[in-house]
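The paragraphs after it go through the packing step by step.

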Amino acid sequence: MPDVPVVTGYYRYTDIWFEWHQALPDIEDRAPVKAILAHDALVHPDHPLHVEGIKGVRMYIGTFATGEARLLFSSAQVDYLRYWLHEMKLTKNIVPLPYSDCLLTDTNLKTVSEVIYPDGGSLRQAIKVIDKNNKRLKGSNSLVTHRRYLFERVRSFWREKKGVWCALDFEAWERDHTVLTEFGWCFVAWENGIEVVEHGHLIVDEARHYTNSLYVPDHRYNYTFGQSETVKKVVFKERIHGLFTQLALYGPVFLVFHDNNQDVKDLNKLGVDLTGLSYVLPDSISDVKISVIDTSDLIGALLGDSAGDKRSLEKTCSLLQIQTQYLHNAGNDAHYTLFSMKNMADGDPVDIQREKRWPNQTPAGVKVELQPWQEDSDYSDTEGILPPPPRRAPQELEKLEAEETKTT
């Protein structure tokens, strides 16, 4: 007899809660199934689906291609309940699974992420919130949908605690972005389940006399998370190449930027091997080689922004209530970029998280209507916002190189 493949996936919460018990052939089995799925029962520490260390019940939120979301049970949870009820002699037989058309697989869902409900009230409210947001999503543009997919996939991958998540930032001379002045990094990885954190800040020795003040402050000597290192250009390049060699040892590499446009260009100019770089997160973390994550898109998803405008790192941190100091230092910016990503990825699914952060501020659609006091900062992270300076003629660049040589 040939092996029959086991198909796993997810069931809609509403199908399991409202329909499953009614479809059971033995009428006496219906009440126990209905009781074990009650809101207050699901979150009880004695419930068979209780997971040690978690207060409440762990469930899932899946999103469809339309951007709409559904609260889900995993098929493993539903299967376990069938056997538990029979083992406890609460049902006469092992009750049958819901009909196969109810099962949602990876082909039906764009993203699936965990969610914890600590009590029955939050579980009941979740159904209302999800339904309300699904109605609000109708008519949303593709950018909103894309950002929501990204947000949930980042949450899902982050919780797997695999690979390395590294925020990077370059600072350059404001009058010529080809003159790099600083580099900062901050990463989190896991070794045998233990979190590993590393960060650093490099200053280019030959570029010390190229100072900023016209568009952005010059804070290269104000690194607040450790000791800055001043190195020659050749060492600067070697250290960045060495960092990428180190990152590759951890497996999947997630490069985290706040507006990645210029930073990726700088990495390419330095000859960093970015083979396999992708701006789109795959379905599985095992398919990641080097993936780019942009926190400006994550905050855009959280705010429900449908425009292509990107908020500055300073404004992003302010909205997330993260205190910052000496931005436009490459090391500090890398730290705050990674911290803002963690702040969002460690939270609830996008709609629940948005409502917790800005309650009752989405009167229409999923876009947050910020209050004036929440929009009071006009400071900007110029990367990707200010236009690049005019391209310099070859003779001007030769003059700059000569000045660098003279000072060293």
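This is a predicted model: local features need pLDDT of at least 70, side-chain atom pairs count only at pLDDT 80 or more; totals for chains, interfaces and linings use all residues.

In soluble globular proteins, nonpolar side chains tend to be buried together. Here the largest nonpolar core has 37 residues, and Val-154, Trp-165 and Met-341 have the most contacts inside it. Among the elements that give it two or more residues are helix 6 (142–159), strand 5 (164–173), strand 9 (253–257) and helix 11 (330–345). Helix 11 supplies the largest share, six residues. Beyond its neighbours within four places in sequence, Met-341 touches Val-154, Trp-158, Trp-165, Val-256, Thr-295 and Leu-298. A second, separate core has 33 residues, including Val-164, Tyr-210, Phe-236 and Val-292.

Helix 6 also packs against helix 9, at an angle of about 110 degrees and with the axes 8 Å apart. The two helices are therefore roughly perpendicular to each other, since angles of 65 to 115 degrees count as such. On the helix 6 side the contact includes Phe-151 and Val-154, and on the helix 9 side Leu-298 and Ala-301. The residues of this contact divide into six nonpolar, two polar and three charged.

The aromatic pairs number 14. In one of them, the rings of Trp-17 and Phe-18 have centres 6.1 Å apart and planes at 55 degrees, so the pair is tilted. Trp-17 is buried, at 13% relative accessible area, whereas Phe-18 is partly exposed, at 42%. The rings of Phe-157 and Phe-254 also form a tilted pair, with centres 6.1 Å apart and planes at 55 degrees. This pair links helix 6 to strand 9, across 97 residues, and both Phe-157 and Phe-254 are buried. Ring pairs join Phe-157 and Phe-254 with Trp-158, Trp-165 and Trp-190 in a cluster.

Note on methods. Residues are numbered from 1 along each chain as its sequence is written. Side-chain values use heavy atoms; hydrogens and water are left out. A nonpolar core is a set of buried Ala, Val, Leu, Ile, Met, Phe, Trp, Tyr and Cys residues joined through side-chain atoms within 4.5 Å. Buried means under 20% relative accessible area, exposed over 50%, partly exposed in between (1.4 Å probe, protein chains only). Helices (H or I, at least four residues) and strands (E, at least two) are DSSP runs, numbered from the N terminus. Contact means heavy atoms within 4.5 Å. Axes are lines fitted to C-alpha atoms, for helices over the stretch in contact, and angles run from 0 to 180 degrees between N-to-C directions. Angles under 35 degrees count as roughly parallel, over 145 as roughly antiparallel, 65 to 115 as roughly perpendicular and the rest as oblique. Ala, Val, Leu, Ile, Met, Phe, Trp, Tyr, Cys and Pro count as nonpolar, Asp, Glu, Lys and Arg as charged, and the others, Gly among them, as polar. Rings of Phe, Tyr and Trp (its six-membered ring) pair if their centres lie within 6.5 Å; planes under 30 degrees apart count as stacked, over 60 as edge-to-face and the rest as tilted.
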